[in-house]
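Here is a short briefing on one protein model.

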Amino acid sequence: VIGNAWVYTLSMGVYCTAWTYFGSIGRAASSGLWFLPIYLGPTLAMLLAGSLLRKMIRIARTYRITSIADFIASRYGKSRTLAALVTLIALVGILPYVALQLKAIASGLALLTGASGHAAAWWQDSTLYIALALAGFTVAFGTRHLDTSERHEGMVAAVALESVVKLLAFLAVGAFVCWGLFEGPGEIFTRAAQRVDMQPLLGLGGESRFAGGQWFALTLLAMLSVILLPRQFQVMVVENVDERHVRRASWAFPLYMLLINLFVLPIAFGGLLHFGKGGADPETY
């Protein structure tokens with residue numbers, strides 16, 4: 001199943017986490033287009049760095065590299081010290097990031113079920129059981145069999161399918177907001193422009209003037225993250241079965257980024273118009 005350029009491209013959609021649903025909407029509702037650099041970076045990286053990605057795949061295949069730590073260490077004399085340092089940095093960076101994702105999923109579940117979302121004790125916190133369920137899913141579909149190549153074909157197929165579900169769900173909600181609650185995106189932006197409190201959100205700088213330096217820095221970080229984040233390195237480099245797939249991914253993944261962000265502003269502005277400022281948490285729109 002994974003020997004397909006479309007599956008390879010869709011597996012890159014693992015970049016779009018729970019933050020895509022919660023954080024990007026919340027950020028757009030408070031800062032306008034400030035959510036964009038997070039997705040502009042990966043788009044530019046794929047459009048400009050296709051040859052770099054192919055080279056990384058060849059190196060990883062030649063030296064049987066299975067992690068970003070191994071890859072960086074291999075470029076500097078196979079230094080074990082450097083590999084350990086990169087692993088430590090990745091671990092320290094990933095733990096709070098994973099915790100954020102798990103809490104986002106738990107908050108979404110609490111919102112949908114009407115639960116309070118505030119557990120009295122750790123064994124009553126749904127986040128724990130969500131983490132256990134996700135770990136069980138990963139074992140069942142990805143890591144049941146030890147493989148010297150460290151490829152997890154079942155997990156890649158599951159992530160690719162998940163990327164389709166995420167995209168269709170986001171587009172469905174966006175279409176409902178635009179044409180179910182309003183008369184289309186035009187009405188949303190027109191009404192937003194007429195609101196004094198929402199006018200600053202229509203510019204590049206959100207509620208302040210445009211900060212070009214911060215936009216550049218955030219875009220650059222996002223460009224690096226789409227290649228160097230451990231999960232991205234896994235699906236883009238380690239799980240690649242044919243480097244020719246990069247050619248399609250170099251334009252199809254930016255297209256995916258465009259589609260999944262198509263309705264971010266309409267949902268954010270629609271939520272502000274529908275609930276009013278302070279009427280609901282923007283991240284739950």
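Helix 1 (residues 5-11) supplies three residues to the lining of the largest cavity, the biggest contribution of any element. The model is a predicted one.

**Cavity**
- One cavity of 30 Å³ or more is counted.
- The largest cavity holds about 50 Å³ of space.
- Its lining consists of Ile2, Val7, Tyr8, Ser11, Val156, Val235, Glu239, Asn240, Val241 and His245.
- By class, six of these lining residues are nonpolar, three are polar and one is charged.

**Largest pocket**
- Two or more lining residues come from each of helix 2 (18-21), helix 7 (80-113), helix 8 (126-141), helix 9 (153-181) and helix 12 (230-238).
- Helix 7 gives the most, with 10 residues.
- The lining of this pocket divides into 30 nonpolar, 10 polar and six charged residues.

**Nonpolar core**
- The largest nonpolar core contains 57 residues.
- Tyr8, Leu53, Phe233, Met236, Val237 and Phe269 have the most contacts inside this core.
- Helix 14 (residues 264-275) is the top contributor to the core, with seven residues.
- Beyond its neighbours within four places in sequence, phenylalanine 233 contacts Met56, Ile65, Ser67, Ile68, Phe71, Ile227 and Val238.
- In soluble globular proteins, nonpolar side chains tend to be buried together.

**Helix 5**
- Helix 5 has 14 residues.
- From first to last C-alpha, helix 5 reaches 20 Å, close to the 20 Å expected at 1.5 Å a residue.
- Gly50, Leu53, Met56, Ile57, Ile59 and Ala60 are buried in helix 5.
- Its buried residues pack against helix 1, helix 4, helix 6 (68-74), helix 11, helix 12 and helix 13.
- Arginine 64 follows helix 5 and has a positive phi, near 55°.

**Helix 11**
- Helix 11 (residues 212-228) has 17 residues, which should span 24 Å at 1.5 Å a residue.
- The end C-alpha atoms of helix 11 are 24 Å apart, so the two values agree.
- Trp215, Thr219, Ala222, Ser225, Val226 and Ile227 are the buried residues of helix 11.
- These buried residues pack against helix 4 (37-48), helix 5 (50-63), helix 12 and helix 13 (245-260).
- Ile227, buried in helix 11, is one of the contacts of phenylalanine 233.

**Glycine 174**
- Glycine 174 sits in helix 9.
- Its relative accessible area is 0%, under the 20% cut-off, so glycine 174 counts as buried.
- Leaving out residues up to four places away in sequence, glycine 174 touches Phe263 and Ile267.
- The C-alpha atoms of glycine 174 and valine 264 are separated by 7.6 Å, although the two residues are 90 residues apart along the chain.

**Alanine 280**
- Alanine 280 lies in the segment after helix 14.
- Its relative accessibility is 24%, between the 20% and 50% cut-offs, so alanine 280 counts as partly exposed.
- Not counting residues up to four places away in sequence, alanine 280 touches Phe275 and Tyr285.

Terms used:
Residues are numbered from 1 along each chain as its sequence is written. This is a predicted model: local features need pLDDT of at least 70, side-chain atom pairs count only at pLDDT 80 or more; totals for chains, interfaces and linings use all residues. Side-chain values use heavy atoms; hydrogens and water are left out. Helices (H or I, at least four residues) and strands (E, at least two) are DSSP runs, numbered from the N terminus. Ala, Val, Leu, Ile, Met, Phe, Trp, Tyr, Cys and Pro count as nonpolar, Asp, Glu, Lys and Arg as charged, and the others, Gly among them, as polar. Buried means under 20% relative accessible area, exposed over 50%, partly exposed in between (1.4 Å probe, protein chains only). Contact means heavy atoms within 4.5 Å. On a 1 Å grid over the protein atoms alone, a cavity is a set of points where a 1.4 Å probe fits but cannot get out, and a pocket is an open set with protein on both sides within 12 Å along at least five of seven lines; lining residues have an atom within 4 Å of a point. Grid points are joined across faces, edges and corners, and a volume is the space filled by probe spheres set on the points. A nonpolar core is a set of buried Ala, Val, Leu, Ile, Met, Phe, Trp, Tyr and Cys residues joined through side-chain atoms within 4.5 Å. The expected span of a helix is 1.5 Å times one less than its number of residues.
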